[in-house]
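Subject: Handover of a structure and the findings from it

Dear colleague,

Please find below the structure that I am handing over to you. The findings follow it, grouped by region.

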Amino acid sequence: MILLTGATGNVGFEIARILDQQGVTAKALVRSPAAAEKLAGFSHIIPVEGDLDDAASVAAALEGVETAFLLTRSSERAEAQQLGFVTAAKAAGIRHIVKFSQVHADAASPVRFLRYHAAVEAAIKASGLSYTFLRANLFMQELLAFGETIRQQGNIFAPVGDGAVSLVDVRDLAAVAVAALTQPGHDGKSYDLTGPEALTHDEIARQIGTVLGREVGYVDIAPEQMRQVLRDYHFPDWQADGVIEDYAHYARGEAAGISGDIEKVTGRKARSLGVFLGDYADRLRG
Ligand SMILES: NC(=O)c1ccc[n+]([C@@H]2O[C@H](COP(=O)([O-])OP(=O)(O)OC[C@H]3O[C@@H](n4cnc5c(N)ncnc54)[C@H](OP(=O)(O)O)[C@@H]3O)[C@@H](O)[C@H]2O)c1
């Protein structure tokens with residue numbers, strides 16, 4: 001039996017969708033009946049109520065589980081929640097953890113998200129559990145958040161200068177996760193999951209403009225301006241500061257590497273930004 005965490009979120013929902021389509025049964029840890037309702041359209045995904053901050057509920061959800069998918073939101077609680085899950089998984093005697101991580105996870109990184117992912121990866125290795133680490137780059141689906149400013153001002157705004165990023169489609173991330181959860185050959189592997197090209201935000205804006213049939217520009221903003229926007233959207237300070245650190249990392253060109261791991265695992269080329277934009281143009285138009 002597989003247990004999914006984060007199944008109502010961006011990546012987890014897509015994993016649940018593919019597993020369901022393949023007829024693979026999996027349990028999904030959900031926090032509430034309302035969250036379970038989001039998975040109601042799937043006949044092979046079984047919601048089990050629990051909370052990563054509630055050890056007893058995690059232990060109960062892990063009963064009878066062989067393989068687990070571990071993902072949380074990058075909140076201040078993320079590291080503790082994930083370390084708690086690893087301890088519970090070990091105690092429950094599961095075989096394999098597929099941990100969702102970020103490319104360049106590193107205990108010495110100036111980016112807090114990269115530090116917590118590295119700490120959890122180290123704990124999984126130390127636990128002796130079999131593992132697969134999925135180290136993702138910036139999600140293409142994050143560009144959908146620019147929809148409003150594109151519609152109102154014809155611009156996208158970010159503190160990233162001319163740093164290029166090999167951003168990746170969540171659908172490809174989910175396909176790799178499903179392979180690691182259901183097929184042999186992924187034990188002890190760490191995959192860098194990037195798109196097929198590294199693009200600056202100027203290039204991204206131009207591609208969005210081409211698909212939408214209007215001019216779209218990129219405006220380089222100061223980190224402080226982005227912090228204010230994130231506060232306006234009620235991001236907690238810890239998380240907002242983490243996003244700023246992430247963008248500084250992109251601006252330094254540190255997330256521009258291109259990996260072939262998506263194709264290696266799935267047998268299909270990673271989706272380009274052009275393909276993503278074609279599929280999501282209506283969402284960007286609003
Ligand atoms: N965004 C990017 O560009 C990017 C790039 C690389 C790596 N990553 C990594 O991707 C991960 C985030 O993925 P995502 O965007 O799919 O996340 P997401 O959409 O924010 O989903 C988070 C999931 O976690 C669940 N959750 C939150 N708190 C919980 C709790 N206490 N107990 C149980 N479940 C809980 C949520 O359930 P509810 O529905 O109940 O809230 C939801 O299903 C992070 O680890 C981040 O570092 C992101």
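In what follows, a residue is called buried if its relative accessible area is under 20%, exposed if it is over 50%, and partly exposed in between, as computed with a 1.4 Å probe on protein chains only. Helices (H or I, at least four residues) and strands (E, at least two) are DSSP runs, numbered from the N terminus. The model is a predicted one: local features need pLDDT of at least 70 and side-chain atom pairs count only at pLDDT 80 or more, while totals for chains, interfaces and linings use all residues. Residues are numbered from 1 along each chain as its sequence is written, and side-chain values use heavy atoms, with hydrogens and water left out.

I begin with strand E6, which spans residues 130-136. Seven of its seven residues are buried, so the strand is largely enclosed by the rest of the structure. Burial applies to both faces: Ser130, Thr132, Leu134 and Ala136 lie on one side, and Tyr131, Phe133 and Arg135 on the other.

Two strands are said to pair if DSSP finds at least two bridges between them. E6 runs parallel to strand E5 (residues 96-102), with seven bridges joining the two. Within this pairing, His96 stands opposite Ser130 of E6. The chain passes from E5 to E6 through helix H5 (residues 112-127), in a β-α-β crossover that is right-handed; that is, with the strands pointing away from the viewer, the path from the first strand over the helix to the second runs clockwise.

E6 is also joined to strand E8 (residues 189-193), by five bridges and in a parallel arrangement. Here Thr132 has Lys189 of E8 as its bridge partner. Ala136, another residue of E6, is buried, with a relative accessible area of 3%.

Strand E4

Strand E4 (residues 67-70) likewise has both faces covered, with Thr67 and Phe69 buried on one side and Ala68 and Leu70 buried on the other. Three bridges connect E4 to strand E1 (residues 2-4), and these strands run parallel; Leu3 has Ala68 as its bridge partner in E4. Four bridges join E4 to E5, again in parallel, and Leu70 stands opposite Lys99 of E5. From E4 the chain crosses through H4 to E5, and this β-α-β crossover is right-handed.

Helix H4 covers residues 78-92 and contains Ala80. Ala80 is partly exposed, at 40% relative accessibility. Between Ala80 and Tyr116 there are 9.1 Å, C-alpha to C-alpha, and 36 residues in sequence.

Aromatic pairs

Rings of Phe, Tyr and Trp (its six-membered ring) pair if their centres lie within 6.5 Å; planes under 30 degrees apart count as stacked, over 60 as edge-to-face and the rest as tilted. The structure contains seven aromatic pairs. One of them, formed by Phe276 and Tyr280, is stacked, at 4.5 Å centre to centre with 25° between the planes. Because they are four residues apart in helix H12 (residues 273-285), Phe276 and Tyr280 are separated by about one helical turn. Phe276 is buried, with a relative accessible area of 0%, and Tyr280 is buried at 14%. Elsewhere, ring pairs link Phe69, Phe100 and Phe139 into a cluster.

Two residues with positive phi

Most residues other than glycine have a negative phi. His104, which is not a glycine, has a positive phi of about 75°. His104 lies in the loop between E5 and H5 and is partly exposed, at 40% relative accessibility. His234, also not a glycine, has a positive phi of about 65°. The loop that holds His234 runs between helix H9 (223-232) and helix H10 (237-251), and His234 is exposed, with a relative accessible area of 71%.

I would be glad to receive your comments.

Yours sincerely
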